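Colleague: Could you take me through how to read a few features of the model that follows, giving the general idea before each case?

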Amino acid sequence: ETFQDALFGALYCQMAKGEEKLLWEDVEQQVEFLVAVQETRRDCPAELILIQAVLSLKLHQNPSQHLRLLYDAKEKHAQKLRDHENFHRHHLNHYYITFNPDFTLRMAQEFLKHVYVLDKSQPPPASSSSSSPSLRISPMESGLQLLQQLQSLVPGHLEAFILTIKVLMEVNRWNE
């Protein structure tokens with residue numbers, strides 16, 4: 001698992017480097033290889049699914065696939081946390097490591113791209129309101145849930161706090 005964490009971190013760094021399409025395509029090839037190595041979609045870690053989601057929006061401008069992958073990543077991460085709670089109730093520090101605040105923030109930011117809050121210079125993805133009945137809650141609510149969970153476990157996380165305020169102000173819900 002530590003090897004995977006380092007590999008995912010390297011992929012995030014490559015994606016953060018810049019806007020070069022060639023760089024993003026290289027990341028996509030690496031991700032395709034990692035997915036092929038996994039036996040099934042269920043075996044893919046949430047971090048890898050999140051990277052796939054980012055690539056689907058950045059390279060392919062496919063917001064519906066982006067959302068589907070985000071919901072998959074969120075569910076996979078939640079399952080990992082539930083499994084961890086069942087086996088390691090007495091090791092709180094392991095729970096925080098499994099929770100991974102940076103990953104949770106990244107996932108929330110990706111969900112919030114569908115509500116036009118993070119970058120006013122670009123329009124929101126085309127399918128900003130998903131009509132799929134399989135999606136239980138909106139992207140905005142999913143993003144807010146993740147931010148609230150992050151703030152409850154890491155109360156001093158200023159980036160999560162500020163992003164929550166921005167979202168609530170954007171949708172006229174700042175009283176919450």
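Modeller: Let us begin with burial: a residue is buried when its relative accessible area is under 20%, exposed when it is over 50%, and partly exposed in between, using a 1.4 Å probe and protein chains only. Helices, for their part, are DSSP runs of H or I with at least four residues, numbered from the N terminus. This is a predicted model, in which local features need pLDDT of at least 70 and side-chain atom pairs count only at pLDDT 80 or more, while totals for chains, interfaces and linings use all residues. Residues are numbered from 1 along each chain as its sequence is written, and side-chain values use heavy atoms, with hydrogens and water left out.

Colleague: Which residues of helix 3 are buried?

Modeller: The buried residues of helix 3 are Ala46, Glu47, Leu48, Ile49, Leu50, Ile51, Gln52, Ala53, Val54, Leu55, Ser56 and Leu57. Because 12 of its 13 residues are buried, helix 3 is largely enclosed by the rest of the structure.

Colleague: What does Ser142 touch, leaving aside residues up to four places away in sequence?

Modeller: Contact means heavy atoms within 4.5 Å. By that criterion Ser142, which is found in helix 7 (residues 139-153), touches Tyr71, Lys74, Phe111 and Ile137 when residues up to four places away in sequence are not counted. Ser142 has 0% relative accessibility and therefore counts as buried.

Colleague: How many salt bridges does the structure hold?

Modeller: Side chains of opposite charge can pair when their charged atoms come close. The criterion for a salt bridge is a side-chain nitrogen of Lys or Arg within 4 Å of a carboxyl oxygen of Asp or Glu, and the structure holds four of them. In one of these, the side chains of Arg68 and Asp72 meet at 3.7 Å, N to O; the two residues are four apart in helix 4 (residues 63-87), so about one helical turn separates them. Arg68, at 39% relative accessibility, counts as partly exposed, as does Asp72 at 30%.

Colleague: Where do Lys113 and Glu110 stand, buried or partly exposed?

Modeller: Lys113 forms a salt bridge with Glu110, their closest N and O atoms being 2.9 Å apart. Lys113 counts as partly exposed at 34% relative accessibility, whereas Glu110, at 9%, counts as buried.

Colleague: And which residues make up the salt bridge at 2.8 Å?

Modeller: That salt bridge joins the side chains of Glu75 and Arg82 (2.8 Å, N to O). Glu75 is partly exposed, with a relative accessible area of 35%, and Arg82 counts as partly exposed at 36% relative accessibility.
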